[in-house]
Amino acid sequence: MIRGEGIETIEGVRPQEVFDFVLDPAQYIKADTKILWVTKLGDIPNGMIAREDGTFLGVAKGSVITRYTWEPPHKIDVTLEHGFIRGLHAWFTIDAVPGGTRLHHVEEADFGWG
């Protein structure tokens with residue numbers, strides 16, 4: 001399993017702006033360089049099903065089908081529905097703080113080997 005985690009305070013923005021940024025593929029690929037594009041496949045209650053196209057270590061291209069669930073503007077949860085890896089779980093928590101917004105992001109990927 002590979003796990004990455006980061007916390008950042010973004011000054012001068014509201015939680016809704018951060019929430020919208022994360023869900024906008026044209027914006028999000030500027031922040032997460034392993035993601036090439038996210039395509040919404042369908043709506044579900046409180047979320048969507050999407051295909052995420054990306055690269056692993058900048059060389060191995062692939063796609064996964066993910067389930068996004070959310071509680072605007074404070075939480076986004078992403079889980080694997082189908083793909084070549086065994087498991088994927090990522091989440092974003094978005095909270096207002098004095099002067100801006102705190103973003104906490106965690107990604108866990110289980111490749112099933114190694």
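Biologist: Leaving out residues up to four places away in sequence, which residues does Ile10 touch?

Modeller: This is a predicted model, in which local features need pLDDT of at least 70, side-chain atom pairs count only at pLDDT 80 or more, and totals for chains, interfaces and linings use all residues. Residues are numbered from 1 along each chain as its sequence is written, and side-chain values use heavy atoms, with hydrogens and water left out. Contact means that heavy atoms lie within 4.5 Å. Not counting residues up to four places away in sequence, Ile10 touches Val18, Gly99, Gly100, Thr101 and Leu103.

Biologist: What is the relative accessibility of Ile10?

Modeller: Ile10 lies in strand S1; helices (H or I, at least four residues) and strands (E, at least two) are DSSP runs, numbered from the N terminus. Buried means under 20% relative accessible area, exposed means over 50%, and partly exposed lies in between, with a 1.4 Å probe and protein chains only. Ile10 counts as partly exposed because its relative accessibility is 26%.

Biologist: Which residues have the most contacts inside the largest nonpolar core?

Modeller: A nonpolar core is a set of buried Ala, Val, Leu, Ile, Met, Phe, Trp, Tyr and Cys residues joined through side-chain atoms within 4.5 Å. The largest one has 15 residues, and the elements that give two or more residues to this core are helix H1 (15-23) and strands S2 (35-44), S3 (47-56), S5 (75-83) and S6 (87-97). In soluble globular proteins, nonpolar side chains tend to be buried together. The residues with the most contacts inside the largest core are Val38, Tyr68, Ile76, Phe92 and Ile94.

Biologist: How many residues does the second core have?

Modeller: The second core is separate, and its members include Val64, Leu80, Leu88 and Ala109. The number of residues in this second core is six.

Biologist: How far apart in sequence are the parts that the pair of Phe19 and Trp70 ties together?

Modeller: The structure holds two aromatic pairs; rings of Phe, Tyr and Trp (its six-membered ring) pair if their centres lie within 6.5 Å, with planes under 30 degrees apart counted as stacked, over 60 as edge-to-face and the rest as tilted. The ring centres of Phe19 and Trp70 are 6.3 Å apart and their planes stand at 85°, so this pair is edge-to-face. Phe19 lies in helix H1 and Trp70 in strand S4 (residues 60-71), so the pair ties together parts whose separation in sequence is 51 residues.

Biologist: What is the angle between the ring planes of Tyr28 and Phe92?

Modeller: Tyr28 and Phe92 are both buried. Tyr28 lies in helix H2 (residues 25-31) and Phe92 in strand S6, so the pair ties together parts that are 64 residues apart in sequence. The pair is edge-to-face, with 6.0 Å from centre to centre and an angle between the planes of 80°.

Biologist: Which residues lie closest to the centre of the largest pocket?

Modeller: On a 1 Å grid over the protein atoms alone, a pocket is an open set of points where a 1.4 Å probe fits, with protein on both sides within 12 Å along at least five of seven lines, and lining residues have an atom within 4 Å of a point. Grid points are joined across faces, edges and corners, and a volume is the space filled by probe spheres set on the points; the largest pocket has a volume of about 710 Å³. Of its 38 lining residues, the closest to the centre are Lys34, Ile35, Glu52, Leu88 and Glu107.

Biologist: Which element gives the largest share of the lining of the second largest pocket?

Modeller: The second largest pocket has a volume of about 280 Å³. Among the 15 residues that line this pocket, Phe21, Val22, Tyr28, Ala31 and Leu103 are the closest to its centre. The largest share of the lining, four residues, comes from H1.
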